[in-house]
Amino acid sequence: MEEEISYSTLVFKNAGAAPKEKKEGNYSEVEPAATGQAATTLPSDGEAAAHSHFHVLVACLGILCVLLVASISAIIYINVVLNDQTVNLSNLTAQNQQLIEERGILERETEELSRVTDNLNWTLGLILRFDIFPVNDYCPDKKCQLCGKNWILFQKKCYLFYDEGPPWQTWQESRKYCQNTAADLAVIDSPQEQEFISAHIKRYYDRYHGYWLGLYENKDKNWVWIDGRNGTRGFWAMKPLGTSGLCALIIPERSVTANWEPADCTMENKFVCESDVLIRDN
């Protein structure tokens, strides 16, 4: 006969609730220690990593901000420096240009002063050729002229065509007369001067008389000017008048290109004096 088994019921009396079973992988809930105290929840591993990354990001952004501010400050500083240098360079350029202009003005003034000085020395040199300078002839009414009274200006030279009556002058006397007026017998340098002199001489007495020039024959049988230059080439007459001598005459009313004649230096003739201008204007 089967035996009956009875299970007794065991009842535990406890005021509190039965404890819950602990589950793996989960944190147990912790009751607050006292009423009114906030509960503290521990972060998970993902939340901790995210929190750490956030701090790194904030730090990086802070560094970037600092670098950006520093870069902007550096750029501003460089711009200020460059602007200052540009201003300084502009000022230097302007000052340099001003100095160049002032130098040009000084150079022109120096040249002008030098020119005036040279002209004054030229005038003084001409005046000193006279024993007594004929002020009234050169400076009538206290206003000086390039040439003296009765002298004719041509190409920065002054010419006197002696036109007095007889007795006239020998070649030596004529030269002495010119030298007493700070001049000398005319020296012809160009066809233009030859034409000018030929146009201002007049026929007088006879066809053999003319005007003495500063041309003579030296001991070597060469025709030379009184300033030492050779005068063999010139405007000698193609058909000589038959006169001979060691001094040269220019004969009026003959061809301009052939009106020189040799003559005896003791023959009395008119003459042409040539002088520098009193005031040289470059």
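Author: Helices (H or I, at least four residues) and strands (E, at least two) are DSSP runs, numbered from the N terminus. Keep in mind that this is a predicted model, where local features need pLDDT of at least 70 and side-chain atom pairs count only at pLDDT 80 or more, while totals for chains, interfaces and linings use all residues. Residues are numbered from 1 along each chain as its sequence is written, and side-chain values use heavy atoms, with hydrogens and water left out.

Reader: Good. How many helices and strands does the protein have?

Author: Four helices and eight strands. From the N terminus on, the order is α-α-β-β-α-β-α-β-β-β-β-β.

Reader: Which strands pair with strand 8, and which way do they run?

Author: Strand 2 runs antiparallel to strand 8, joined by five bridges. Strand 3 (residues 184-185) is also antiparallel to strand 8, over two bridges. Strand 4 runs parallel to strand 8, again with two bridges.

Reader: What stands opposite E274?

Author: Y159, and also D184. At K270 in strand 8, the residue opposite is Y211.

Reader: Is strand 8 mostly covered or open?

Author: Covered: seven of its seven residues are buried, where buried means under 20% relative accessible area, exposed over 50% and partly exposed in between (1.4 Å probe, protein chains only). K270, V272, E274 and D276 point one way, F271, C273 and S275 the other. In a regular strand the side chains alternate between the two faces of the sheet.

Reader: K270 is buried there. What does its charged end sit over?

Author: The ring of Y204, 4.5 Å from the ring centre. The test is NZ of Lys or CZ of Arg within 6 Å of the ring centre and within 35 degrees of the ring normal.

Reader: Ok, switching to the core. Which residues touch the most other members?

Author: In the largest nonpolar core, which has 40 residues, they are I197, W212, W260 and V272. Such a core is a set of buried Ala, Val, Leu, Ile, Met, Phe, Trp, Tyr and Cys residues joined through side-chain atoms within 4.5 Å. Among the elements that each supply at least two residues are helix 3 (171-179), helix 4 (191-200) and strand 8 (270-276). Another core lies apart from it, with seven residues, including F130 and F133.

Reader: And which residues of helix 4 are buried?

Author: E193, Q194, F196, I197 and S198. They pack against strand 1 (152-154), strand 2, strand 6, strand 7 and strand 8.

Reader: Now the aromatics. How many pairs are there?

Author: The structure holds 15 aromatic pairs. Rings of Phe, Tyr and Trp (its six-membered ring) pair if their centres lie within 6.5 Å; planes under 30 degrees apart count as stacked, over 60 as edge-to-face and the rest as tilted. For Y162 and Y177, the centres are 5.4 Å apart and the planes at 75°, so this pair is edge-to-face. Y162 lies in the loop between strand 2 and helix 3, and Y177 in helix 3, 15 residues apart.

Reader: Are those two buried or exposed?

Author: Y162 is buried, at 9% relative accessible area, whereas Y177 counts as partly exposed at 34%.

Methods: Two strands pair if DSSP finds at least two bridges between them. Contact means heavy atoms within 4.5 Å.
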